[in-house]
Amino acid sequence: MGANASSIETNSDDRLNCLALKPKLDDIPEACVALVLSYLDPPQICKLAGINRAFRAASYADFIWEPNLPSNYKYILQELLGLKVDGLFKKDLFAKLSRPKPFDGGTKEVWIDKNNGGVCLAISSKGMAITGIDDRRYWNHIPTDESRFQTVAYLQQIWWLEVDGDLEFQFPEGTYSLFFRLQLGKVTKRLNRRVCNYEHVHGWDLKPVQFKLTTSDGHRAISRCYLDNVGTWVQHHVGDFVVTDGTLPTKIKFSLKQIDCTHTKGGLCVDSVLICPSSSAKQLSSC
């Protein structure tokens with residue numbers, strides 16, 4: 001009996017020793033963890049960083065985040081936004097850039113795509129030149145929580161529609177797409193429900209609007225589209241442009257026009273212009 005009990009105790013000790021010797025995630029060297037993380041995209045890295053301390057520490061390795069940062073990250077953070085980058089982990093720089101940062105008096109925002117580090121920009125209606133914007137018979141700036149800028153330009157009625165904008169920015173090399181975010185009808189809230197007012201919507205089925213894009217290095221695009229998106233925000237594709245030298249600033253001009261004075265048009269909300277890598281923009285195109 002005693003011998004059997006002793007045998008059971010010995011087997012239990014052996015099992016405990018085996019369990020103690022069994023490898024655990026904490027036993028993986030931090031350098032190996034970092035190497036594995038370097039093959040993942042940013043959201044996956046951040047998710048695995050929550051596994052344990054070793055994964056969290058490894059996720060701060062600069063060589064993991066360097067390829068995910070745009071080539072112009074110092075230009076954005078230091079020259080454009082006036083922020084310091086010295087002494088910060090590349091992961092912290094990525095986190096700063098992945099949140100939209102306002103500049104130019106709050107009329108523009110810049111951020112990077114969390115999945116691939118692509119640079120995106122938005123220009124508000126207040127950052128563009130709109131013919132007649134100071135005359136309340138034609139235009140008004142109205143507040144809304146449906147805009148990232150919390151305000152849009154609303155057209156009641158006009159003969160000559162002309163919205164112009166420009167931007168000078170140091171883009172990384174690549175192909176970019178430009179969109180106008182527009183909606184027909186003015187949205188309000190009643191009893192916490194979204195209600196669209198179509199009172200001023202007219203004239204958009206008679207002639208198409210014209211979108212235009214030009215850049216300082218010779219790229220030019222023109223597109224035309226009939227507006228029919230009543231009560232729905234749509235990103236209207238203006239065109240694409242290619243940046244071949246990421247060390248130089250690119251000057252961009254863009255416009256939205258319908259200057260046929262044979263009829264009036266109205267009920268249009270102009271929110272913003274979006275510029276983003278073309279690889280991320282396929283799902284945004286409307287016309």
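This is a predicted model: local features need pLDDT of at least 70, side-chain atom pairs count only at pLDDT 80 or more; totals for chains, interfaces and linings use all residues.

Me: What makes the meeting of Arg137 and Asp135 a salt bridge?

Reply: The N to O distance between their side chains is 2.6 Å. The cut-off for a nitrogen of Arg and a carboxyl oxygen of Asp is 4 Å, so the pair qualifies as a salt bridge. The structure holds nine salt bridges.

Me: Why is Asp135 called partly exposed?

Reply: Asp135 has a relative accessible area of 22%. Buried would need under 20% and exposed over 50%, so Asp135 falls in between.

Me: What makes Lys189 and Asp145 a salt bridge, and where do the two residues lie?

Reply: Their closest N and O atoms are 3.4 Å apart, and the limit is 4 Å, so this pair counts too. Lys189 is in strand E9 (residues 186-190) and Asp145 in the loop between E5 and E6, and the pair links distant parts of the chain, 44 residues apart. Asp145 has 53% relative accessibility, so Asp145 counts as exposed.

Me: Which parts does the salt bridge between Glu66 and Lys90 tie together?

Reply: Their side chains meet at 3.7 Å, N to O. Glu66 lies in the loop between helix H5 (62-65) and H6, while Lys90 is in helix H7, so the pair ties together parts that are 24 residues apart in sequence.

Me: Why is Thr144 called buried, and what is around it?

Reply: Thr144 has a relative accessible area of 14%, which is under 20%, so Thr144 is buried. Thr144 is found in the loop between strand E5 (139-143) and strand E6 (151-155). Leaving aside neighbours within four places in sequence, Thr144 is in contact with Gln150, Thr151 and Val152.

Me: Which residues of helix H6 are buried, and what do they pack against?

Reply: In H6 (residues 73-80), Tyr73, Tyr75, Ile76 and Leu77 are buried. The buried residues of H6 pack against helix H7 (90-97) and strands E2 (108-112), E3 (119-124) and E7 (161-169).

Technical notes
Residues are numbered from 1 along each chain as its sequence is written. Side-chain values use heavy atoms; hydrogens and water are left out. Buried means under 20% relative accessible area, exposed over 50%, partly exposed in between (1.4 Å probe, protein chains only). Helices (H or I, at least four residues) and strands (E, at least two) are DSSP runs, numbered from the N terminus. Contact means heavy atoms within 4.5 Å.
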